[in-house]
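I opened my notebook to record what I looked up in this structure. The entries follow the order in which I looked.

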Amino acid sequence: VKDDGTTTALLDDAYTVDSYDLLDDHTVIFVGFKMDKVLWKYRQLFTLDLHNGSVKCVYDKQDADISKVFVLDGVVYAMVNFGKDYGAMEQPKIYTFNDGKFTFVVDAFYSLRNSVGSDCRLGKQISTQKINGSMYFLMTKVDTSVLVRFKGSTIEEVAKTNGSIDGYTY
């Protein structure tokens with residue numbers, strides 16, 4: 001946003017952005033697609049240099065469905081489904097990403113998002129949020145939602161209820 005209130009796009013229309021975080025003070029890491037001549041099956045991982053506007057694809061191997069990326073204490077984490085056990089319906093696991101490679105960190109064994117059905121929802125709520133060096137997100141365990149905290153290597157339950165937690169705020 002400029003001083004006069006106008007905005008400038010950081011990416012051209014060829015990109016979609018599904019998840020992003022600041023890697024450092026001038027670099028954004030994001031998950032999305034670049035719509036070019038290739039029809040991509042899975043999302044790719046990119047970095048965007050905020051100083052010069054250059055975009056670099058850092059992962060496009062098309063062997064993993066990357067659903068979210070986030071940075072904690074300078075470490076890049078991603079929620080990734082490699083589909084090796086159950087295919088496309090496999091729940092994502094949390095990995096670190098460094099030098100073009102994913103390294104396994106933890107398996108939550110459940111959905112890393114809220115997938116509990118509801119007859120009526122009003123608007124879209126916050127479902128993931130970074131707070132005080134931890135990542136909080138909603139998880140579905142069987143037929144209920146759980147708010148969990150991830151801090152580097154473990155996932156712990158913070159709040160649980162019968163039914164659906166649609167969103168939360170800090």
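**Entry 1: a salt bridge**

I began with the side chains of Lys130 and Asp21, which meet in a salt bridge with 2.6 Å from N to O. Lys130 lies in strand E9 (residues 128-131) and Asp21 in strand E1, so this pair ties together parts that are 109 residues apart in sequence. I noted that the model is predicted.

Are the two partners buried or exposed? Lys130 has 38% relative accessibility, so I wrote it down as partly exposed. Asp21 has a relative accessible area of 12%, and I wrote it down as buried because buried means under 20%.

How many salt bridges does the structure hold? I found 6 salt bridges listed for it.

Next I looked at Asp65, which forms a salt bridge with Arg43; their closest N and O atoms are 2.9 Å apart. Asp65 lies in strand E5 (residues 65-72), while Arg43 lies in the loop between strand E2 (27-34) and strand E3 (44-49), so the pair ties together parts that are 22 residues apart in sequence. Asp65 is partly exposed, with a relative accessible area of 24%.

I then turned to Asp73 and Lys151, whose side chains meet in a salt bridge at 3.6 Å, N to O. Asp73 is in the loop between E5 and strand E6 (75-81), and Lys151 is in the loop between strand E11 (144-150) and strand E12 (155-160), so this pair ties together parts that are 78 residues apart in sequence. Asp73 counts as exposed at 68% relative accessibility. Lys151 counts as partly exposed at 41%.

Which residues do salt bridges with shared partners join into one network? I wrote down Asp18, Arg43 and Asp65.

**Entry 2: the chain as a whole**

I looked up the secondary structure and found 0 helices and 12 strands in the chain. Of the 170 residues of the chain, 39% count as buried. The chain exposes about 10,600 Å², and carbon and sulfur atoms supply 50% of that area. I also looked at contacts between residues at least 6 apart in sequence: 35% of them join residues at least 24 apart.

**Entry 3: the sheet from E5 to E8**

In what order do the strands of this open sheet stand? I read the order of its 4 strands as E5-E6-E7-E8, with antiparallel pairing. E5 and strand E8 (101-106) stand at the edges with a single partner strand each, so one side of each is left without a neighbour in the sheet. Neighbouring strands of this sheet are turned by 35° against each other on average, direction ignored.

I followed one pairing further. Strand E7 (residues 93-98) and E8 run antiparallel and are joined by 5 bridges. Phe97 has Phe102 in E8 as its bridge partner.

I found another open sheet of 4 strands, with the order E9-E10-E11-E12 and antiparallel pairing. E9 and E12 stand at its edges, each with a single partner strand, so one side of each has no neighbour in the sheet. From one strand to the next the twist averages 35°.

Inside this sheet, strand E10 (residues 134-141) pairs with E11 in the antiparallel sense over 7 bridges. The bridge partner of Lys141 is Thr144 in E11.

E11 also pairs with E12, in the antiparallel sense over 5 bridges. Here Arg149 stands opposite Glu156 in E12. What do E11 and E12 form? They form a hairpin with 4 residues between them, and Gly152 in the turn has a positive phi of about 85°.

Leu10 is found in the segment before strand E1 (15-24). With a relative accessible area of 57%, Leu10 is exposed.

Definitions and conventions:
Residues are numbered from 1 along each chain as its sequence is written. This is a predicted model: local features need pLDDT of at least 70, side-chain atom pairs count only at pLDDT 80 or more; totals for chains, interfaces and linings use all residues. Side-chain values use heavy atoms; hydrogens and water are left out. Helices (H or I, at least four residues) and strands (E, at least two) are DSSP runs, numbered from the N terminus. Buried means under 20% relative accessible area, exposed over 50%, partly exposed in between (1.4 Å probe, protein chains only). A salt bridge is a side-chain nitrogen of Lys or Arg within 4 Å of a carboxyl oxygen of Asp or Glu. Two strands pair if DSSP finds at least two bridges between them. Axes are lines fitted to C-alpha atoms, for helices over the stretch in contact, and angles run from 0 to 180 degrees between N-to-C directions. Contact means heavy atoms within 4.5 Å. Accessible areas come from the Shrake-Rupley method with a 1.4 Å probe; for residues, only the protein chains shown count as cover.
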